[in-house]
Amino acid sequence: YTILSKVHSDRNVYPSAGVLFVHVLEREYFKGEFPPYPKTGEISNDPITFNTNLMGYPDRPGWLRYIQRTPYSDGVLYGSPTVENVGKPTIIEITAYNRRTFETARHNLIINIMSAEDFPLPYQAEFFIRNMNVEEMLASEVLGDFLGAVKNVWQPERLNAINITSALDRGGRVPLPINDMKEGVYVMVGADVPFSSCLREVENPQNQLRCSQEMEPVITCDKKFRSQFHIDWCKISLVDNTKQVSTFQEVIRGEGILPDGGEYKPPSDSLKSRDYYSDFLITLAVPSAVALVLFLILAYIMCCRREGVEKRNMQTPDIQLVHHSAIQKSTKELRDMSKNREIAWPLSTLPVFHPVTGEIVPPLHADSYDNTSMPLMQTQQ
């Protein structure tokens with residue numbers, strides 16, 4: 001059911017709707033379209049990139065994706081055709097660019113989408129494989145091994161690969177370039193029989209609890225995938241289309257003309273004048289008047305209601321005023337006496353070195369120095 005084809009000029013392919021379609025653009029084929037390598041005896045390994053678009057349009061159809069990891073690897077067109085495109089030939093223009101000579105070669109790929117009798121399959125499961133990139137999963141050998149493992153677990157009569165999507169297209173982050181980390185890929189498969197008990201194990205309350213705690217669930221059939229595919233069982237999606245109630249409503253398409261709503265009547269040019277004086281009073285005058293009244297009240301309390309020194313003295317006993325006056329006079333007399341006395345500076349504040357010559361000057365006092373004024377600190381050595 002998965003169509004793998006190699007590129008040819010004006011090639012016709014016939015994929016089925018709802019089944020994975022893969023088309024490989026091989027660099028080896030396009031090498032013959034460009035001039036030979038300038039050095040004789042050496043194998044040509046020109047960097048070649050591809051550009052794909054729907055004929056007459058700048059991009060591809062919505063269901064068709066393209067990937068090429070490096071200019072030295074093959075390009076891959078892949079996707080799942082839709083039922084709406086059945087019977088309509090889709091012409092894809094493929095343009096190859098030689099990055100050494102800047103020459104181009106163009107071919108057409110005609111995709112004729114066929115209808116599948118068993119589409120859509122009622123039971124669909126989507127797996128998230130963590131150790132694969134999308135171009136690795138698109139390889140026929142790897143995809144065949146995965147479908148074989150799913151068939152052993154599911155045991156269906158018909159099994160189709162419906163779609164493959166990179167984790168980056170689902171909002172995933174670009175992995176770090178360490179330890180050969182992969183971006184991950186989603187693979188959707190469909191079958192005609194209900195899901196097996198192994199696939200239903202992820203719905204157990206114990207496994208749901210482990211997934212909520214970011215722990216690996218216990219799946220009995222995981223060992224059949226673990227040798228080659230590391231599946232994140234917490235991200236598996238099981239869809240049973242037989243239990244889904246169809247909510248499709250038939251859309252009645254009209255002629256594209258709006259219903260007649262009568263003659264358009266624009267507003268009159270003569271607008272009535274409006275008086276904004278009341279609005280001014282409410283928004284500016286009233287708050288300003290209230291603020292002015294509050295300011296006057298505060299000024300009266302702060303400036304006009306002061307008691308003063310005289311009132312304080314009248315309310316104070318005479319004996320307390322005499323004591324207070326005596327203390328002030330004594331304090332003033334002591335301060336005047338302290339200004340007139342001359343006391344030598346403490347030795348700790350005298351310079352140890354001469355400010356000009358830099359010689360050591362011992363801070364010793366003369367013999368006539370009054371010993372009564374000697375500071376408590378001893379002579380510095």
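Cys211 is buried, its relative accessible area being 19%; buried stands for under 20% relative accessible area, exposed for over 50%, and partly exposed for values in between (1.4 Å probe, protein chains only). The model is a predicted one, in which local features need pLDDT of at least 70 and side-chain atom pairs count only at pLDDT 80 or more, while totals for chains, interfaces and linings use all residues. Residues are numbered from 1 along each chain as its sequence is written, and side-chain values use heavy atoms, with hydrogens and water left out.

Cys211 is joined to Cys234 by a disulfide, with an S to S distance of 2.2 Å; a disulfide is here a pair of cysteine sulfur atoms within 2.5 Å. The pair links distant parts of the chain, 23 residues apart, with Cys211 in helix H5 and Cys234 in the loop between H6 and strand S12 (237-240). Helices (H or I, at least four residues) and strands (E, at least two) are DSSP runs, numbered from the N terminus. The torsion about the S-S bond of Cys211 and Cys234 is about -85 degrees, so this disulfide is left-handed. Cys234 has a relative accessible area of 32% and is therefore partly exposed.

By the distance rule, the count of disulfides comes to two. A disulfide is also formed by Cys198 and Cys221, whose sulfur atoms lie 1.5 Å apart. Distant parts of the chain are again linked: Cys198 belongs to helix H4 (residues 197-200), Cys221 to the loop between H5 and H6, and the two are 23 residues apart. The S-S torsion of Cys198 and Cys221 is about -75 degrees, so the disulfide is left-handed. Cys198 is buried, with a relative accessible area of 8%, and Cys221 counts as buried at 6% relative accessibility. With bonded cysteines counted along the chain, the disulfides follow the pattern 1-3, 2-4. A further cysteine, Cys303, has a relative accessible area of 58% and is therefore exposed.

Strand S12 also takes part in a sheet. Four strands, in the order S10-S11-S9-S12, form an open sheet with antiparallel pairing. Strand S10 (159-166) and S12 stand at the edges with a single partner strand each, so one side of each has no neighbour in the sheet. From one strand to the next, the twist averages 15 degrees, where axes are lines fitted to C-alpha atoms, for helices over the stretch in contact, and angles run from 0 to 180 degrees between N-to-C directions. Strands of a sheet pair through backbone hydrogen bonds, either parallel or antiparallel. Two strands are taken to pair if DSSP finds at least two bridges between them. Strand S9 (residues 123-129) and S12 pair in the antiparallel sense over four bridges. The bridge partner of Ala125 in S12 is Leu238.

The loop between helix H5 (205-212) and helix H6 (223-226) holds Glu214. At 78% relative accessibility, Glu214 counts as exposed.
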